[in-house]
Amino acid sequence: MITRRNKKLALLLAMMLILSIFAGCGGGTEEEQQPVGEKATIPVGINVELSGAVASYGSNARDGAVLAIEEINAAGGVLGQQLEGLQRDCKSTADEAMSVSAALVGENIVAQLGPLTSGDVAGSTPIMMDNKIPLIAPAATAANVTVDEKTGETRAYIFRVCFIDPFQGTLMAQFAADNLKAKTAAIYADTSSDYGKGLAAYFKQTFIEKGGTIIAEEGFVSGDRDFNATLTKIKGSNPDFIYVPGYYQEVAPLIKQARELNITAPIGGGDGWDSPDMLSVAGAEALNNTFFTNHYSSQDTDPQVVAFVEAFKAKYDKEPDAFAALGYDCAQLLVQAIKDANSTDPQKITDALANIKDFVGVTGKMTIDEQHNPIKAGVVIEFKDGAQTVNTRIQP
Amino acid sequence: MQEKSKSWLKFLSEVILLVLLFTLVQYALSAGLVNQSYQITLTSMCINVILAVSLNLINGFTGQLSLGHAGFMAVGAYASVIITNFMDLPFIIGILGGCLAAGIAGFVVGVPTLRLKGDYLAIATLAFGEIIRVVLQNIDYVNGPAGIVGITKLTTWSWLYWAAILTILVIVNLMNSSYGRAIVSIREDEVASELMGINTTGYKVLAFVIGAMFAGLAGVLYAHYFYIIKPETFNFLKSFDMLVMVVLGGLGSTTGAVIAAIFITFLTLALQKYAAMRMVIYSLILIIVMIYRPQGLMGTKELSRKTFARIWGGKK
């Protein structure tokens, strides 16, 4: 009898426990749905990839945005109110990005910063559009992030502070033809990502326009580790320049293997190269004579960049990469928009964002065009004995 | 005669209970009592239930370690999006098409690979999942690696709820039939069941195809809710997520799979705020469960009316 009663009790307790979980969930949201009063903080959603495939990008952008918010708050906040950054992890997946955005909307955010990749931003997009809250993407470079390809209309609440992919391919082609005087080039692109394919396509187009020839086009896929076979093939065609648009996970071992095969031609790529892992995997010597296009460089001597780099180093004890700088600019751009709008109403902030002109961020001066893309310059960075140095700055 | 009317009464009470639960949530949704965040969680929950229950049929009941479930989900998702968005056909055709495509994929993969045993089957199915992903990445018609963005939202609570119920019903009834007993006998001892005259490969393929079809169904519902699908969504980590649910719930328990799917969905939501610690806490919970309940939350037990009756000391 006693055991039976105990079982009853256990079942009852289990039921209560399950019920309390649901009750707890419900209660939490109600508390958070207080109207934003005069003295309250301004909640800003930071929806980034802190775990999963691109956690390195997401956490750096988060660090940049958090630094900007702290600086703004220390200087008295905006419109007399303090900003409050609500950090959430979207696990590098589009469905989780959507779920996180919905949770943030429930916390009355005025705007969302992030996510980083174009796919995750796409996941977040319907929620932001439904709720009419602006989203500022730090590094989503696919064209269809801000423009609906079916209708050709600009997505009203989606903005970004980075230039789009094609621009990087064009930029590197300009650089290879004009600065490196390359006549022939080989393309060895990451064909498993739109990023790699997009950069490769525009590089090819501009390089041919500049009078060059593409003598080899090869591809690798995300996760590849051995590139020797294809590199040997490319070596045989002896190009003046090798374009490797891809992400650092594959590019670092690729460059190492290329140099081991005595390929001495300059190698170029895009901002997917920007990671400390490049140096630790490929080594300083292999990286000599390699170039990549980027939004910004921490070696820039511009006073605003220097100040940002010092503040970032002081806080996190590491070098800020482009994602950190773009994250920082996202937050700064939002503050500029809040000031311009003189309001924390998401709709008014959106209108102000669409009209931003000559905003000076650490990644350069930008003007938001009608497709919500910034018009801004890019830099070409060279690895010199393991250090990233600015080779040149190219205006579009 | 009395027996018959009693079972009929039981059936009626179950139907009423299910409809009541459905109406309750439907009412809450239409009255705006559920915010967007919980709506999404509800969706993930139903999709995870379908995935976990269908994978449990293959891994738990049939005892064949399959790691390619995300691949079938991808087949269903892409097939249905092509039907509904590219060809502008109604959603129901998309659902049927998605299930059918995933079922065919399951058959094509199942027939040769199910002759393999243990680790080899795991490797073969894992490879299949990766092949699907890479193939999708290289088809320009479905936008390659960038995936399809802007999918019309057609998945509603009704679809989700009844799809999850259908999955559970089909699999529970299958397991209570002679087919089910044959399937379990394969798990217990394949050689012995073959000696008893059971067509082991046939039953394995049957279980595999049914599991794949429901994974396809989950893929259809997923694609028409989450706005974007890309090949990377259905990588092997997604398969592992499902496996975690099945193992956590207990291999061979549908109740366990349902409970674990709901538990994991809520855990994911609850840990959103603890960004940095999220994966640590998640892993810790899994490790603790595995230490104290190595057979999973439910083992191979099921929760049914009988269980409640026994606990409350009422009639059987």
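Student: Is A:S92 buried or exposed?
Tutor: The model is a predicted one. In this model A:S92 counts as buried, because its relative accessibility is 16% and the cut-off for buried is under 20%.

Student: Where is A:S92 in the chain?
Tutor: A:S92 sits in the loop of chain A between β2 (83-89) and α3 (94-105).

Student: And what about the phi of A:S92?
Tutor: The phi of A:S92 is positive, about 60°, although A:S92 is not a glycine.

Student: What is the phi of A:K132, then?
Tutor: A:K132 is not a glycine, yet its phi is positive at about 55°. A:K132 belongs to the loop between α4 and β4 (135-137) of chain A.

Student: How accessible is A:K132?
Tutor: A:K132 has a relative accessible area of 45%, so it is partly exposed.

Student: Which peptide bond is cis around A:P115?
Tutor: The bond from A:G114 to A:P115 is cis, and its omega is near -5°. A:P115 is found in the loop that runs between β3 (111-113) and α4 (118-131) of chain A.

Student: What order do the strands take in the 5-strand sheet of chain A?
Tutor: The order is β2-β1-β3-β4-β5, in an open sheet with parallel pairing.

Student: Before we leave chain A, what are the overall counts?
Tutor: Chain A has 13 helices and 15 strands. Of its 396 residues, 57% are buried. For contacts in chain A between residues at least 6 apart in sequence, 68% join residues at least 24 apart.

Student: On to chain B. How far does α5 reach?
Tutor: Helix α5 (residues 119-137) of chain B has 19 residues and spans 27 Å from first C-alpha to last, close to the 27 Å expected at 1.5 Å a residue.

Student: Which residues of α5(B) are buried?
Tutor: They include B:L121, B:T125, B:F128, B:I132 and B:L136.

Student: Why would residues three or four places apart point the same way?
Tutor: Because an α-helix has 3.6 residues a turn.

Student: What do the buried residues of α5(B) pack against?
Tutor: They pack against α6 (194-209) of chain A, together with α3 (69-86), α4 (91-113) and α9 (200-223) of chain B.

Student: How do α4(B) and α9(B) cross?
Tutor: Their axes come within 7 Å and cross at roughly 145°. The crossing of α4(B) past α9(B) is right-handed. By class, this contact between α4(B) and α9(B) has 15 nonpolar, 6 polar and no charged residues.

Student: Which residues of α4(B) and α9(B) meet there?
Tutor: Among them are B:G98, B:A102 and B:G106 in α4(B), and B:A212, B:M213 and B:G216 in α9(B).

Definitions and conventions. Residues are numbered from 1 along each chain as its sequence is written. Chains are lettered from A and ligands numbered from 1 in the order in which they are written. This is a predicted model: local features need pLDDT of at least 70, side-chain atom pairs count only at pLDDT 80 or more; totals for chains, interfaces and linings use all residues. Side-chain values use heavy atoms; hydrogens and water are left out. Helices (H or I, at least four residues) and strands (E, at least two) are DSSP runs, numbered from the N terminus. The expected span of a helix is 1.5 Å times one less than its number of residues. Buried means under 20% relative accessible area, exposed over 50%, partly exposed in between (1.4 Å probe, protein chains only). Contact means heavy atoms within 4.5 Å. Axes are lines fitted to C-alpha atoms, for helices over the stretch in contact, and angles run from 0 to 180 degrees between N-to-C directions. A crossing is left-handed if the near helix is turned anticlockwise from the far one by less than a right angle, and right-handed if clockwise. Ala, Val, Leu, Ile, Met, Phe, Trp, Tyr, Cys and Pro count as nonpolar, Asp, Glu, Lys and Arg as charged, and the others, Gly among them, as polar. Two strands pair if DSSP finds at least two bridges between them.
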